[in-house]
Amino acid sequence: VADDGFSEWYGEHHRRVVAALTVVCGDAGLGRELADEAFVRALERWSHVRHMDNPVGWVHRVGVNLARSRARRHAVEQRVLGRLAHAAPVAPPELRPEVWAAVRGLPPRHRAAVALRYVADLPERDVAAALGVRRGTVARILHDARRALADQLREPDDPPHEPTVPGARPHGRRPAVPTNREA
Amino acid sequence: VIDPATLLRPLLDDGVAPPPTPVPVLRARARRRRQRRHVLVAAPALLALTAGGVGALRSSTGDDEVVGGADVVVGDTSTAPTTTATTAGPVPTLAQDIVLPTTVEDDGTVVLPVTLLDGTVVELAYDAALGAAGYPLERLGWTPSAAGLWGDLRTDVPGSDCCGRAIHIFPGTADEVFAGRTPAEVLDGPLGAVRRYAVAGTSPSALAAEIGPWTIVVEHVDTGGTDTDTTMTAVSRAMWVASLDAHLDDAGFVVLDLHDPLTLARTDSPDGSVGLHPDGATRVDVFDRGCGPRDFTSPHGLDVMVLGEPGTSLCARGLGIELVVRGDAAFQALVVEHVQVRAVTRPGG
């Protein structure tokens, strides 16, 4: 069946879209499901989508919107009934558990920005469009996300991240003061 | 220095990841979406009706009726759906406080009629052997779902569930469903009081209206959200309150009667589900959307297509009703062998 290049395009980008949506929604199973749905929607509109400047960006945007809708419903349902039957999120086996825990610990919007910028490899402009925010906001979100990840993944003996205000002292730790001074 | 791209790069390795869903499967899904009669809108996720407070339901006559502590048996003659606190049965993790449709048994065949929210009655039937094998569908409960459409909301967001709002149906009063929470606002609509339950900040909340033993819940996202299609503004809220109407059919199920400008629409989710396992795993989803391709025909003449994930599709081609069976392989095989769609009665038909 002639598909005007859909199969090839799908095969080329599927892995990255699944990976990005896994990070967006914090669930490997759901990420794959959302990716499939996003590609189905692309397939439905392929004659239009394939002529877009950035069809992959469109698919990511669809996936993020689907993830948001799903998350909203999930939140409503949890609040409505309190005890709901939702399976535990599936962790992607490819990632170290501590990395996955740190990523999942990010606020949803930060996670989405990280996914679109660093996994989907979209430029900040497209990330901003997908999230419905300004480009400057994306830059700030990504900066905050990197800091949060650094804090989460910092080894106990690592120094905390440097302050962003010149001259300010690092938070959290005092400079080491020798207690047994030599006379 | 943290480089998220490096941290997350293993996600792009092909070694561990399962292969992509085959393109023909995507194509079949796309075809099914096109076959639907209505625009697809917000898809409510499957809900398990496990709220502990829903132990007592009023019957449609208004009398208090408490059914608890025992299984409802096949052949129950009450006219309204009932709830039950099930005891440990052959299905090990059967949900409690579930809604059980009235069933009849006809010479070893259990007939299970369920009403979709547009008033369509679907009669499922199956050999009682299914229950004997550990899967008594009649005891697994029924949950309908739908969405309302409002046509002049935002339509330019790719992939968004534009213009629709999920409608959930729960057994019990609004107070029971919301576990005693005080409504932020009480409005007046065709069904009487419509309560708005708010959650702090901009978190989602809901509108709730009672009818008989049921509560109809509409998703509501407080203003302050970023998406026009899901933010219920004061105008949108007023429209919903004025347009949300329903009645109970002869079997006591909710049938929605949405007033203009709202229309009832189907969702990406089932029109209803039999069997709300606590983990949502063992169930038969009912879709009124016609049939796709088939792999073979079941003993009862249903088109069967093995989907892998999420399960097995059975479809009554002449009646336009598709069942998607989810659960372990044994359950799927038993449903394929024993279940049939006996009749479909359309509103006004």
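This note goes through the predicted model point by point, from its cores to its helices, sheets and single residues.

1. Basis. This is a predicted model, in which local features need pLDDT of at least 70 and side-chain atom pairs count only at pLDDT 80 or more, while totals for chains, interfaces and linings use all residues. Residues are numbered from 1 along each chain as its sequence is written, chains are lettered from A and ligands numbered from 1 in the order in which they are written, and side-chain values use heavy atoms, with hydrogens and water left out.

2. Chain B overall. Chain B holds 6 helices and 23 strands. Helices (H or I, at least four residues) and strands (E, at least two) are DSSP runs, numbered from the N terminus. Of the 349 residues in chain B, 55% are buried. Buried means under 20% relative accessible area, exposed over 50%, partly exposed in between (1.4 Å probe, protein chains only). Take the contacts in chain B between residues at least 6 apart in sequence: 59% of them join residues at least 24 apart. Contact means heavy atoms within 4.5 Å.

3. Nonpolar cores. The largest nonpolar core has 61 residues. Such a core is a set of buried Ala, Val, Leu, Ile, Met, Phe, Trp, Tyr and Cys residues joined through side-chain atoms within 4.5 Å. Those with the most contacts inside the largest core are F6(A), W9(A), V23(A), V59(A), L116(A), L131(A) and L8(B). Helix α1 (residues 6-25) of chain A supplies the largest share of this core, 11 residues. Apart from this core lies another, of 50 residues, with L137(B), L191(B), M239(B) and L256(B) among them.

4. L116(A) and helix α7 of chain A. Leaving aside neighbours within four places in sequence, L116(A) is in contact with H60(A), V64(A), D121(A), L122(A), V127(A), A130(A) and L131(A). The buried residues of helix α7 (residues 124-131) of chain A are D126(A), V127(A), A128(A), A130(A) and L131(A). G132(A) follows α7(A) and has a positive phi, near 70 degrees.

5. Helix packing in chain A. Helices α6 (residues 108-119) and α8 (residues 135-153) of chain A pack at about 100 degrees, with axes 9 Å apart. Axes are lines fitted to C-alpha atoms, for helices over the stretch in contact, and angles run from 0 to 180 degrees between N-to-C directions. α6(A) is therefore roughly perpendicular to α8(A) (under 35 degrees is roughly parallel, over 145 roughly antiparallel, 65 to 115 roughly perpendicular, the rest oblique). On α6(A) the contact uses R109(A), H110(A), A113(A), V114(A), R117(A) and Y118(A). On α8(A) it uses T137(A), R140(A), I141(A), L142(A), D144(A), A145(A) and R146(A). By class, this contact has 6 nonpolar, 2 polar and 5 charged residues. Ala, Val, Leu, Ile, Met, Phe, Trp, Tyr, Cys and Pro count as nonpolar, Asp, Glu, Lys and Arg as charged, and the others, Gly among them, as polar.

6. Four-stranded sheet. Chain B has an open sheet of 4 strands in the order β5-β6-β7-β23, with antiparallel pairing. Two strands pair if DSSP finds at least two bridges between them. The edge strands are β5 (104-106) and β23 (339-345) of chain B. The twist averages 25 degrees from one strand to the next. Strand β7 (residues 121-127) of chain B and β23(B) pair over 6 bridges, and V121(B) stands opposite T345(B). Helix α6 (residues 329-338) of chain B packs on the sheet, touching β7 and β23 of chain B. The direction of this helix makes about 55 degrees with that of β23(B).

7. T120(B). T120(B) lies in the loop between β6 (109-115) and β7 of chain B. T120(B) counts as buried because its relative accessibility is 0%. Contacts of T120(B) beyond four places in sequence include V114(B), D288(B), V344(B) and P347(B).

8. Antiparallel pairs. Strands β19 (residues 296-297) and β20 (residues 303-306) of chain B are antiparallel and joined by 2 bridges. F296(B) stands opposite V304(B). Their hairpin has 5 residues between the strands, and G301(B) takes a positive phi near 85 degrees. β20(B) also pairs with β21 (residues 312-316) of chain B, antiparallel, over 4 bridges. Strands β10 (residues 185-189) and β11 (residues 192-197) of chain B pair antiparallel over 5 bridges, and a hairpin joins them through 2 residues.

9. A174(B). A174(B) sits in helix α4 (residues 174-177) of chain B and is buried, at a relative accessible area of 0%. Beyond four places in sequence, A174(B) touches R195(B), Y197(B), A208(B), E210(B) and T215(B).
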